[in-house]
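The following explanation leads the reader through a single structure, from one residue to the whole chain and then to the packing of its parts. Please keep the sequence and the model in view while reading.

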Amino acid sequence: DTDDFGNETKGGPMPVAMPNAPAAEDSNDVPPPLLRNNSSLGRVRESYAPSVASESQLEPPTLDQVLATRAGRRIFKQYLATEYAVETLYFLDAIDRFRSAYERMDPREANSSANDIYRTFVKDGGMLEVNLSGIVKRSIAKTLGNPAMVSAPKDCFDEAYEEI
């Protein structure tokens, strides 16, 4: 057997535990079926569902829900690799690290970190440039290029994160 990514599997596809997914009562219980709908490239649509629900009644997990689990991140990374877009996950990780470390950074560190993210992922021709609209790219460049700015704002990449 192989999964959606061509990887060999033993005993069929590995279910991905998503937030609010029903848990098996004990190790002998069979988990609810894993529903798959890969029609949207913008989301990984894998979630547990009660066996009585029809697929049309289920809401796919949000990107935040997928990225909240180790298995979800792994599957999303594999998916992005097949689309030659793994830099998207690296970009989202860089923004998450920037946000979580922001309160511990002095203004110089915040500016340096934000500019590194910009040069690597946002700037045209960046080493791992992600697909963002020109409007969002210009907005980030304007924010980071503001001479009156003391420190890069914590939310300077929020528009880009939402667009992805």
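Does Arg97 count as buried or exposed? At 54% relative accessibility, Arg97 counts as exposed, where buried means under 20% relative accessible area, exposed over 50% and partly exposed in between, with a 1.4 Å probe and protein chains only. Arg97 is placed in helix 3. Its C-alpha atom is 9.8 Å from that of Ser113, a residue 16 places away in sequence.

Two remarks on the source are needed here. The model is predicted, so local features need pLDDT of at least 70 and side-chain atom pairs count only at pLDDT 80 or more, whereas totals for chains, interfaces and linings use all residues. Residues are numbered from 1 along each chain as its sequence is written, and side-chain values use heavy atoms, with hydrogens and water left out.

The protein chain as a whole has 6 helices and 2 strands. These elements are DSSP runs numbered from the N terminus, with helices being H or I of at least four residues and strands being E of at least two. Read from the N terminus, their order is β-β-α-α-α-α-α-α. Of the 164 residues in the protein chain, 33% are buried. Contact means heavy atoms within 4.5 Å; among contacts between residues at least 6 apart in sequence, 49% join residues at least 24 apart.

The packing of the helices may now be followed along the chain. Helix 2 (residues 70-82) and helix 3 (residues 87-101) pack at an angle of about 135 degrees, and their axes are 8 Å apart. Axes here are lines fitted to C-alpha atoms, for helices over the stretch in contact, and angles run from 0 to 180 degrees between N-to-C directions. Helix 2 and helix 3 are therefore oblique to each other; angles under 35 degrees count as roughly parallel, over 145 as roughly antiparallel, 65 to 115 as roughly perpendicular and the rest as oblique. Arg73, Phe76, Lys77 and Leu80 of helix 2 make this contact with Thr88, Leu89, Tyr90 and Asp93 of helix 3. By class, the residues of the contact of helix 2 with helix 3 are 4 nonpolar, 1 polar and 3 charged. In this classification Ala, Val, Leu, Ile, Met, Phe, Trp, Tyr, Cys and Pro count as nonpolar, Asp, Glu, Lys and Arg as charged, and the others, Gly among them, as polar.

Val86 lies in the loop between helix 2 and helix 3 and, at 22% relative accessibility, counts as partly exposed. Not counting residues up to four places away in sequence, Val86 touches Lys77, Leu80 and Ala81. Thr88, in helix 3, is buried, with a relative accessible area of 12%. With the same exclusion of residues up to four places away, Thr88 touches Leu80, Val130 and Ile164.

Helix 3 also meets helix 4: their axes come within 11 Å and cross at roughly 170 degrees. That makes helix 3 roughly antiparallel to helix 4. Glu87, Tyr90, Phe91, Ala94, Ile95 and Phe98 in helix 3 face Ala110, Ser113, Ala114, Ile117, Phe121 and Val122 in helix 4 across this contact. The contact of helix 3 with helix 4 has 10 nonpolar, 1 polar and 1 charged residues.

Helix 4 (residues 107-122) packs in turn with helix 5 (residues 134-144) at an angle of about 155 degrees, the axes being 11 Å apart. That makes helix 4 roughly antiparallel to helix 5. Ala114, Asn115, Tyr118 and Val122 of helix 4 are in contact with Lys137, Ile140, Ala141 and Leu144 of helix 5. The residues of the contact of helix 4 with helix 5 comprise 6 nonpolar, 1 polar and 1 charged.

Leaving aside neighbours within four places in sequence, Ile140 is in contact with Tyr118, Val122, Cys156, Phe157 and Ala160.
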